[in-house]
Amino acid sequence: METPATFKEASFAVTGMTCASCSAVIEKVLGKTAGIASVTVNLATERMSVRFDPSVIDEAGIAAVVKKAGYGALPLGGSTVVPAPATASTPSVAPETSPAPAGEVSGTACPVVPADAATPAPAAAAATSTITLGLIGMTCSSCSAVIEKTLKRVAGVQSANVNLAMETGTVIFDPTVVGIEALIGAVKGAGYDAVLRVETGTSSDEPAEDVQRAAQAAHTKHEQRLFVFALVLSLPMGLMMLPGVMDALTVRVATFLAGTIGGGWDPMMVGKYIGFALATPVQFVCGWQFYRGFWHALKRRSGNMDTLIAIGTSSAYFYSIAATFVPSLQAEPVFFETSAFLLTFVILGKLLEARAKGRTGDAIKKLMGLAAKTARVVRGGEEIDVPVEQVVAGDLVVVRPGEKVPVDGVVTEGHSSVDESMLTGESIPVEKNLGDQVIGATMNKLGSLRFRATKVGRDTALAQIVRLVEEAQGSKAPVQRFADRISAVFVPAVVGAAVITFLVWLFVVPNFVDASFYAAAAPFVKALLAGTAVVVIACPCALGLATPTAIMVGTGKGAENGILIKSGEALETAYKIKAIVFDKTGTLTYGKPVVTDIELAEGHDATRMFTFAAALERNSEHPLAEAIMARAKADGIDVPTVEGFSAIPGHGVEGTVGDMKVAFGNRKLMAAEGIDISAFEERIRVLEGEGKTVMLVGVNGAKLAGVIAVADTLKEHSAEAVARLTKMGVAVYMITGDNRRTAEAIAAQAGIAPDHVLAEVLPEHKAEEVGKLQAKGLVVAMVGDGINDTPALAKADVGIAMGAGTDVAMETGGIVLIKNDLRDVVTAIELSRATMRKIHQNFFWALGYNTLGIPVAALGLLRPELAGAAMALSSVSVVTSSLLLRGFKPSFSKAA
Amino acid sequence: MYVGIMLGVALVTAAGLVSLKAIREGQSMSGIVVKYNEAALDVEQQPGVSSTLKVDRIVAPGPSWVVVTQVVMGPTKGMGESDKPAAPAGAMPTPRILAVVAVPAGESRDLIIPLDPGVPVTQMLRVALHADRGIAGTFEWDMTKFAESPDKPYFREPLQAVHSPLELSVAVLAK
């Protein structure tokens, strides 16, 4: 089959699913549909993600397939195109027109655009934004061509398309280079007018969350109405089950009927008629959804919860119909209350389950709640307040002290300090000046800022975090397949077990019991009740919820703690980690060398010596030089200029500072200068033994002024994290390209054993080292900053990427630590273990009800309606159990 | 939703109140309730009767049965005059049926009912009118399971404080 040029990916809100069988069915049905490349359905979030060929099928077609299968699917909008393999693009060509006097533009005569050579497509900018302008004054296609050409000439514009009929122009541009005002000005300069057409979200689609929420709310409301309806009709039947009430009430009613209508009324039959009148609406109004689901399942030759509920309620209901209206069976008891209460309990269970599931998504709601609601933008020279959804990239945004930064952007004016702790965990406010990036949802503290919006709506860092968490919540963990496999065979097995129970009760048990055993109910009735109870109690609906609800809460909890878990699989694998490999530079250490030691020779002072060193290093970009300059700046040293500067490769640098000839470098340079360093030899050795780089300052070719040691220091909590991991039974390794001595020195500080140090490893060999550990049978996690660690992160069983909140689109690694705190590695593993423990507990609850309930029901010790209540309770208890995971606290916070 | 809940509560409360009143008044029985004038049974006392019984008038609301049963006066010890098996000491023996005759709906007069010779005639016989509700033409009435039996006796409405079926006791044996 020819691979299509492009695929599209779309998300849908799915309604009507009740158990894992339903989600499996939808996946199976869509998987067989032409044009569908892949489909993932999540029962807990009630979302479906589909990758499809748009030339074969569209979103409406997909929704129709799902509807035919007996469920509802609502496209959530915002489908994305998955790019095809790169092909050569043809440059666009301006439309040909007849020649005319150049440069003449009037309001009445359309300008003539000379035939233009193909305009090469501009290079893709790092940031892009798309806006739509309303264009005024166009009269023909030449006008639209002029505007397009004008806009394309504006620096920062990548493309411009004008629609003459709709009088609109769509412009794709780099908002960091050009703003909306400039674009409008360019159009005006061409002799036309333009206004910004503001749209919410992408095109006219509502945000996906609102669409899904609306669909879910409508569905829940409908279920609530059904529940109340069922309850109102079931309660009187429940009342009639009380001894004395049934006789008394039915006699009263029979007497009333005889007195008013006439004829003979048997109170026993009246009771049956009352039951029929009350149970029938419940069976066919509230129960219709199960019959529909049963029918669709039957068509697919499969079974699900609907199958079991339909069979269970129907057996009780239709038998009761027979016992009411078939003369030969009128002596038999009826079980209308059984079918009615069963349906009532099942619907109640679904409602409670939906409500509890809604709370599993609380973390997402909390994250989304961080976003600002309004923004102050400059439009038409005026500052106006607009809903944050109406901010477009390119807008000039104003933020005053104490206000939330509404969207992501780049500072164009002003300076302030911004509290970014809610996203990056950085507790100290970060200084923001011209050109600095600001992140939406952070809090502006002291100054006022103006910035150009670069990312709005779904593109902001916060929205990306939310999307990552949602995707993780929607992903399937491998353990879910266990539940799916069980569910697939469970229903037919349960129906078989129920049939066997019925037959045994009907044909075998009577041979072994006294006739008095059947005083209260005939063998057929007892057999029917036992079989129905088996069908109902064995329903595996809770099993389908066991994993996704725990994953939802677990990933949400992770997000609250600055740990973004990108998939259920990553969450599941993390708990099995037995070895963890830390990259050194930037992960275990800060990645920036700093001055750690200053040793002075006699008669010299630190400031003067440092001044010499800084003067020589001021123009160098070497990390060591940056460390010197940073310290000089911190100490407020005024760095003088150097004369006669020269760099000696492998030795150091030298020059004249003021009236002093200064040499700054290693031992070799001092030896070449004839400077005696013997007094400091021991100290130098000690410092080098600590993994530090030692630099010597010599003056006038005769004396050593002092020693400066520079090192890339261990992060504050690295040693703590390593100690905790070791205590957890995880073997900790360090991998670096540095030399062994430096590596071991850092490892020693971090608490990593020398034989666990993988030093002098080239970046391209890091993945191999991870593979070697995996070959020993260990589940290996790799922790890195994601830049040159990508192959190793991908090779590891779990890749953990350290990242700041502004760049969460790290494709490598299953877990992203926003806060750059290595203790979060411990937290991630603890969270994974807690989540997996919860999943196993949920399986226990889910299967426990079934395992204990089936024999009890088969022995005839469980009435069907109580079986229904127990089954509903199992779903609720699984979801509630998952919600308990919200109490998870990282061990570090407990210690603090 | 709240309206529905209120309605349900009202319905249950009403049913409960009705039931409570009925329970207090002891209105519990197992029979077919009919309007007073829709069922009637007239039987004269017939001393000396042993093989047949005459029923003067029957008004049946629908297909019915005229049922003649023994009247057993208290527990017996050991074998009595009847040839039925001795009941356990202290237990009320179950009255036996002497005759079951189908009658159509409406009025019937002067019905002569043959009595089962195999069943001893007690001093008093009870004549009752039962409905034919189950399988038509089959008398389905089990004294030990009267609540479940379809062919129950008629009770005429308005029901009295102590419910009584439509039946008469007829003295048949000579003193």
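Guide: Outside the four places on either side of it in sequence, Asp824(A) is in contact with Asn561(A), Gly562(A), Ile563(A), Leu817(A) and Lys819(A). The model is a predicted one. Asp824(A) lies in helix H27 of chain A, which covers residues 823–858. Its relative accessibility is 6%, so Asp824(A) counts as buried, the cut-off for that class being under 20%.

Next, a pair of helices. Helix H7 (residues 267–286) and helix H9 (residues 305–325), both of chain A, pack with their axes 10 Å apart and at an angle of about 145 degrees. The crossing of H7(A) and H9(A) is left-handed. On the H7(A) side, the residues that meet H9(A) are Met269(A), Lys272(A), Tyr273(A), Phe276(A), Ala279(A), Thr280(A), Gln283(A) and Phe284(A). H9(A) contributes Thr313(A), Ser314(A), Tyr317(A), Phe318(A), Ile321(A), Ala323(A), Thr324(A) and Phe325(A). Sorted by class, this contact between H7(A) and H9(A) holds 10 nonpolar, 5 polar and 1 charged residues.

Last, a sheet. In chain A, 3 strands form an open sheet with antiparallel pairing, in the order E15-E14-E17. Strands E15 (430–432) and E17 (443–444) of chain A are the edge strands, each pairing on one side only. Strand E14 (residues 416–419) of chain A is joined to E15(A) by 3 bridges, and these two strands run antiparallel. Within E15(A), Val430(A) stands opposite Val418(A). In general, the strands of a sheet pair through backbone hydrogen bonds, either parallel or antiparallel.

Terms used. Residues numbered from 1 in each chain as written. Chains lettered and ligands numbered in written order. Predicted model: local features only at pLDDT ≥ 70, side-chain atom pairs only at ≥ 80, totals over all residues. Heavy atoms only, no water. Axes fitted to C-alpha atoms, helices over the stretch in contact; angles between N-to-C directions. Helix = DSSP H or I, 4+ residues; strand = E, 2+ residues; numbered from the N terminus. Left-handed = near helix turned anticlockwise from the far one by under 90°. Contact = heavy atoms within 4.5 Å. Nonpolar A, V, L, I, M, F, W, Y, C, P; charged D, E, K, R; others polar. Pairing = 2+ DSSP bridges. Buried < 20%, exposed > 50% of the residue type's maximum accessible area, 1.4 Å probe, protein only.
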